[in-house]
Amino acid sequence: MRLCVVLMDRKITALRMQRQNPNRINVYLDREYAFAIARIVGAWLQVGQVLDEDKIAHLQQQDSLEGAYQCALRYISYQPRSEHEVRQKLIARGYTADVIQGVVERLVQHKLVEDYQFARFWVENRSAFRPRSYRMMAYELRQKGVAQNAIENALNEAAAEDELAYQAVTHKLARFESNDWNAFRHKALAYLGRRGFSYETSAPVIRRVWQDLKASKSVATQLSNEDD
């Protein structure tokens, strides 16, 4: 025996703003609560309208899209994010693949998410505050799902790698400053190595920093003697 399911149209009998969240409205069909949607999604709804099952499903799909989009906007408001990071965030929130794809396409269309710009931000931020080698920055960006061509283009605009190594040492100079060249060199080499710089890049940079340090101390001593 086969069961025949008849889908009935339902009339909107009330639209009520949620007290806790005025950006959402509760929809009542045939005098019973049916579902809640974002106000922007249900802006065209009116009491007395009749909704069939397809329209209800479409409303709920659009509501899910809007919720995911707002979630993504909040996520990227704190700092730029890669497309992969946005996808992972929405997956963690339980959104479906179709909804996530729609949100990402919308973000990309409005240039709110763009992997090349994200890679540039990442490289510039690292270079300014936590300098490290091209190799390490490329690894970090790959971990965030950024495409290789975007990574390469961003790194092409970065400072020369020996300058990044020089900045890295001078930023943390007090950590391994010493009157002994061998001790200074050993600590500085280890520090730059942890940031991905090769020995070939690090060695001349460390000698340059050491010479600058000695020169500055010599000048300071000379000025002190003149004051005396």
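Student: Which residue forms a salt bridge with R120 at a closest N to O distance of 3.6 Å?
Tutor: Keep in mind that this is a predicted model, so the geometry here is computed. Both partners sit in helix α4, and being four residues apart puts about one helical turn between R120 and E124. The bridge to R120, with closest N and O atoms 3.6 Å apart, is made by E124.

Student: Is R120 buried, partly exposed or exposed?
Tutor: Buried would need under 20% relative accessible area and exposed over 50%. R120 comes in at 28%, so R120 counts as partly exposed.

Student: And what is the relative accessible area of E124?
Tutor: E124 falls in the class between the 20% and 50% cut-offs, so E124 is partly exposed. The value for E124 is 47%.

Student: R120 has a salt bridge with E157 too, so how far apart are the closest N and O atoms?
Tutor: R120 is in helix α4, while E157 is in the loop between α6 (148-156) and α7 (161-171), so this pair ties together parts 37 residues apart in sequence. E157 is partly exposed at 48% relative accessibility. For R120 and E157, the closest N and O atoms are apart by 3.1 Å.

Student: Zooming out, how many salt bridges does a search of the whole structure find?
Tutor: Side chains of opposite charge can pair when their charged atoms come close. One of the pairs here is R106 with E66, at 3.6 Å from N to O. Searching the whole structure, the number of salt bridges comes to ten.

Student: How many residues apart are R106 and E66?
Tutor: The side chains of R106 and E66 meet in a salt bridge. This pair links distant parts of the chain, with R106 in helix α3 (residues 97-109) and E66 in helix α1 (residues 53-78). The separation in residues is 40.

Student: Which class does E66 fall into, buried or exposed?
Tutor: R106 has 33% relative accessibility and counts as partly exposed. E66 has a relative accessible area of 12%. With the cut-off at under 20%, E66 is therefore buried.

Student: What is the relative accessible area of S133?
Tutor: S133 lies in the loop between α4 (115-129) and α5 (134-143). Beyond its neighbours within four places in sequence, S133 is in contact with E161, R195, G196 and F197. S133 is buried, and its relative accessible area is 0%.

Student: Which residues is S202 in contact with, leaving aside neighbours within four places in sequence?
Tutor: S202 is found in helix α10 (residues 199-227). S202 is buried, with a relative accessible area of 1%. The contacts of S202 are L189, L192 and F197.

Student: Which residues gather in a patch of positive charge on the surface?
Tutor: One of them, R194, lies in helix α9 (residues 181-194). The patch is formed by R130, K172, R175 and R194.

Notes
Residues are numbered from 1 along each chain as its sequence is written. This is a predicted model: local features need pLDDT of at least 70, side-chain atom pairs count only at pLDDT 80 or more; totals for chains, interfaces and linings use all residues. Side-chain values use heavy atoms; hydrogens and water are left out. Patches are made of residues with over 30% relative accessible area and no salt bridge: like charges are joined within 9 Å, nonpolar side chains (Val, Leu, Ile, Met, Phe, Trp, Tyr) within 5 Å. Accessible areas come from the Shrake-Rupley method with a 1.4 Å probe; for residues, only the protein chains shown count as cover. A salt bridge is a side-chain nitrogen of Lys or Arg within 4 Å of a carboxyl oxygen of Asp or Glu. Lys and Arg count as positive and Asp and Glu as negative; His and the chain ends are not counted. The place of a charge is taken as NZ of Lys, CZ of Arg, CG of Asp or CD of Glu. Helices (H or I, at least four residues) and strands (E, at least two) are DSSP runs, numbered from the N terminus. Buried means under 20% relative accessible area, exposed over 50%, partly exposed in between (1.4 Å probe, protein chains only). Contact means heavy atoms within 4.5 Å.
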